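Take a look at the model below. The text after it walks through selected parts of one chain.

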Amino acid sequence: MRKNFAFVLIGLLLAGLALAQSPGNNVPSVIMAPIGKVQVRAGASTDVSLDFRIGSEFHINSHTPKSELLIPTVLKLQAPDQVTVADVKYPAGQDVSFPFSPDEKLSVYSGDFSIDTVLKAPANAAAGTYPVKGELRFQACDHSACYPPKSIPVQFQVSVGKK
Amino acid sequence: VKRNALVFVALFVAILAMLASGKYLDRTRKHGPLRLVGNVQGLQAPDFQLPSLDGSKVKLSDFRGKAVLLNFWATWCPPCKVEMPWFADLQRQYGKDGLVILGVAMDDSKPDSIQQFASEMGVNYQILLGTDKVSDDYGDVDSLPTTFYIGRDGTIVDKMVGLLDRKDIEDAVKKTLNTTNRSIASPQQSQAAAEVKSPVKDAAQ
């Protein structure tokens, strides 16, 4: 009983904190799932899938929106000398029409989506663990409003092994 | 158990109060007291001077005595597109009554692209190039569209966030047009106000 009560109070506290952080504002959120150990041998390549989750009320433009004016989702990665980003594959967007424009279909991501990348280690890459850093830039909307473009950091470690 | 519960509730309220006051203090420190926070109805609209697409500088306070619809929008905002033809209609319909519509583009696009977009949307009102400062002054305008309805005396009559029905927009326009400019009330307006008040005065006597 006492334990349940504590959970309820902690829940209330967290809800209160969340409300205090965003008074009256919906803040679009995109978060990246943690990545497990990425390993690649010198001279070889490996596939790395980056998984993202969009807040339930929101959608973001796909990498290929249907208008030049719309801001595409773009992943930018900066790899160290020992690793190169050989390819980035974006998922196809879903064509959806929204209440604000029922006659127009927009190419968007919503819910969960993954961007597949290919990392390559040159044959002469020195063995070791290296950080890959970057950002995902996106522009979100909900059913009646849109929010300025935003970027979230993307970071993971790559272990390069001997050939 | 009751004691623990009281402690938890007190802690909860204290943390909320600290967060709220910290956030308020941070905002007022950074932006001064003129920045709009919370319920803005009845507050003085922060003045600004922004470049318009035709190269001129536009100052909000130059429109004192007019009813101003101040619309924050962007070319990358599909819901904003829906409102623009409505605003053009309202400008045509109520311009003679003193309605001035100002569109503030919160875009990184070049003015030429914004101009082209506005023309395609049939915009017949002034488009200004927004800045972060103006956005901050109006309470961090981060949801687009956001529209402020500013009365003839420069106070905010209403604020609408997100796309609403055309009827809601037109109702807010009518409400804004019905305001008076207290600071420079014309003799006719003063006379009209006196005439409205007099029956009450008479009844009291």
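The paragraphs below cover a strand, a helix and then the salt bridges.

This is a predicted model, in which local features need pLDDT of at least 70, side-chain atom pairs count only at pLDDT 80 or more, and totals for chains, interfaces and linings use all residues. Residues are numbered from 1 along each chain as its sequence is written, chains are lettered from A and ligands numbered from 1 in the order in which they are written, and side-chain values use heavy atoms, with hydrogens and water left out.

Start with strand 6 of chain B, residues 146-150. Helices (H or I, at least four residues) and strands (E, at least two) are DSSP runs, numbered from the N terminus. Strand 6 of chain B is mostly covered, with 5 of its 5 residues buried. Here buried means under 20% relative accessible area, exposed means over 50%, and partly exposed lies in between (1.4 Å probe, protein chains only). B:Thr146, B:Phe148 and B:Ile150 point one way from the strand. B:Thr147 and B:Tyr149 point the other way.

What does strand 6 of chain B pair with? Strand 3 of chain B is one partner, in the antiparallel sense over 5 bridges. Two strands pair if DSSP finds at least two bridges between them. In this pairing B:Val68 stands opposite B:Ile150. Strand 7 of chain B (residues 156-161) also pairs with strand 6 of chain B, again antiparallel and over 5 bridges. There B:Thr147 stands opposite B:Met160. Strands 6 and 7 of chain B form a hairpin with 5 residues between them. B:Gly154 sits in the turn and has a positive phi of about 85°.

Now turn to helix 3 of chain B, residues 111-120. Its buried residues are B:Ile114, B:Phe117 and B:Ala118. Seen down the axis of helix 3 of chain B, they fall within an arc of 100°, so they line one face of the helix. The arc is that of the directions from the helix axis to the C-beta atoms. An α-helix has 3.6 residues a turn, so residues three or four places apart point the same way. The buried residues of helix 3 of chain B pack against strand 3 (67-73), helix 2, strand 4 (99-105) and strand 5 (126-129) of chain B. Contact means heavy atoms within 4.5 Å. On the other side of helix 3 of chain B, B:Asp112 and B:Glu120 are exposed. Just after this helix, B:Gly122 takes a positive phi of about 75°.

The charged pairs come next. How many salt bridges does the structure hold over all chains? There are 9. A salt bridge is a side-chain nitrogen of Lys or Arg within 4 Å of a carboxyl oxygen of Asp or Glu.

B:Asp89 bridges to B:Arg166, with the closest N and O atoms 3.2 Å apart. B:Asp89 lies in helix 2 (residues 78-94) of chain B and B:Arg166 in helix 5 (residues 166-177) of chain B, so the pair ties together parts that are 77 residues apart in sequence. B:Asp89 is partly exposed at 30% relative accessibility. B:Arg166 is partly exposed at 25%.

Another pair lies within helix 5 of chain B: B:Lys167 and B:Asp171, 4 residues apart, about one turn of the helix. Their side chains meet in a salt bridge of 2.8 Å, N to O. B:Lys167 is exposed at 56%, whereas B:Asp171 is partly exposed at 34%. Salt bridges that share partners join B:Asp89, B:Arg92, B:Arg166 and B:Glu170 into one network.
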